[in-house]
Amino acid sequence: MSQETRILGIETSCDETAAAVVENGRHIISNIVASQVKIHARYGGVFPEMASRAHIETIHQVVANTLSQAHVGLEAVDAIAVTRGPGLAGSLVVGMNMAKGLALGSGLPLLGINHLEAHLYSIWLVEEKPEPAFPLICLIVSGGHTELVLMRDHLTYKRLGGTLDDAAGEAFDKVARLLGLAYPGGPAIQQAAENGDPQSINFPRAWLEGTWNFSFSGLKTAVLREVRERQPELEAGVEPPRPGLPIANLAAAFQAAVVDVLVGKTLAATETFEAKEILVAGGVSANQPLREAFQKRSEVPVQMPPLDLCTDNAAMVAAVGHRRFLAGQRDALDIDVLPTWPLTG
Ligand code: KG4
Ligand code: ZN
């Protein structure tokens, strides 16, 4: 791992248009994220067609600004790493086409990267900390995924389980909508919960004993039931709730149930597989009560990215690009995007 690299990363799998230049998989030279949150907020979720259109409008500028902020041209870059999947097909294609165009024009190698793997490698971007020690138990919690993965070495994954229905972030987003809170739901619920009592309502926890899977649909339905009982006239997700709904308590109790299950199952897997450390990554890893619960309850070190690297960015894509470039990966210029690409290997 002694060879020095400089990788350009590109990410457009969902609603962030992002590019970054990273050295040696750990040192961020430049990192730009153009968020589409404002565009999607009025729909209460990501509107796929609007997302791809916004990516098309911004991708060139984002890549150009990233290179100029890094004070490098493509001649000083070793490879172009781009998110190939999983994600929204129309959004992925925009980043992929941009990366292919740059690779074709410059002769640089093209590396198609798994977005879930990229979330994990966001941890390696925390330069001040020593690299995590294998074997690791990894929890990836984002808007589209909840995955529990055993990582025995770099680029080596055994999927233990994942969500059977809603992803953790999706549950936050849907419940936020139900409570009339803003999109994205995670930060909105976290904020609303600050004034609430997590024990005010005992929401169900789906432990799914004997598996490493998760389920959040029962919890979501339980929140809906609570809301309807108090406001029978309310049409979920259509009208904002009327005054009188105990939003803070509902948010706090819901958040506590999600945190409990995520932390509990991850710690159980850590014990079962005798992992040395835990990695938690993805948008939901920005959740403060989740971070605190992990730090408080885990006996092994828990690594989580800094808040700005929890949600989608291209630095994490470049970080994986570094590992895969050194491992010899070189993709053909006609590779397709993979909207439902599981993390394996
Ligand atoms: O990883 P990410 O940026 O995009 C995907 O790959 O899906 O994750 C976005 C998700 C959204 O569902 C958002 O509500 C959630 O991460 N999220 C949070 C927090 N910040 C973002 N969930 C809980 N608490 C937060 N503070
Ligand atoms: Zn993501």
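Q: Which domains does the shell around ligand 1 draw at least three residues from?
A: Domain bounds here come from an automatic or database assignment. Domain 1 (6-126 + 309-326) and domain 2 (136-304) each give at least three residues to the shell around ligand 1. Bear in mind that this is a predicted model, where local features need pLDDT of at least 70 and side-chain atom pairs pLDDT 80 or more, while totals for chains, interfaces and linings use all residues. Residues count from 1 along each chain as its sequence is written, chains are lettered from A and ligands numbered from 1 in written order, and side-chain values use heavy atoms, without hydrogens or water.

Q: How many residues surround ligand 1, and which are the closest?
A: A residue is in if one of its heavy atoms lies within 4 Å of the molecule. Ligand 1 has 19 such residues around it, with Gly143, Asp173, Gly186, Gln190 and Asn287 the closest. Sorted by class, that shell holds 12 polar, five nonpolar and two charged residues; note that Gly counts as polar here.

Q: Which backbone atoms lie by oxygen atoms of ligand 1?
A: Look for polar contacts, pairs of N or O atoms within 3.5 Å. A polar backbone atom of Gly143 sits 2.8 Å from a ligand 1 oxygen. For Gly186 the backbone-to-oxygen distance is 3.0 Å, and for Gly169 it's 3.2 Å.

Q: How much of ligand 1 does the protein bury?
A: Accessible area comes from the Shrake-Rupley method with a 1.4 Å probe. On its own, ligand 1 exposes 550 Å², and the protein buries 90% of that.

Q: Which elements give two or more residues to the shell?
A: Helices are DSSP runs of H or I, at least four residues, and strands are E runs of at least two, numbered from the N terminus. The contributors are α4 (115-121), α5 (168-178) and α6 (185-193). Of these, α6 gives the largest share, four residues.

Note on methods. Polar contact = N/O pair within 3.5 Å; in protein donor to acceptor, adjacent residues only side chain to side chain.
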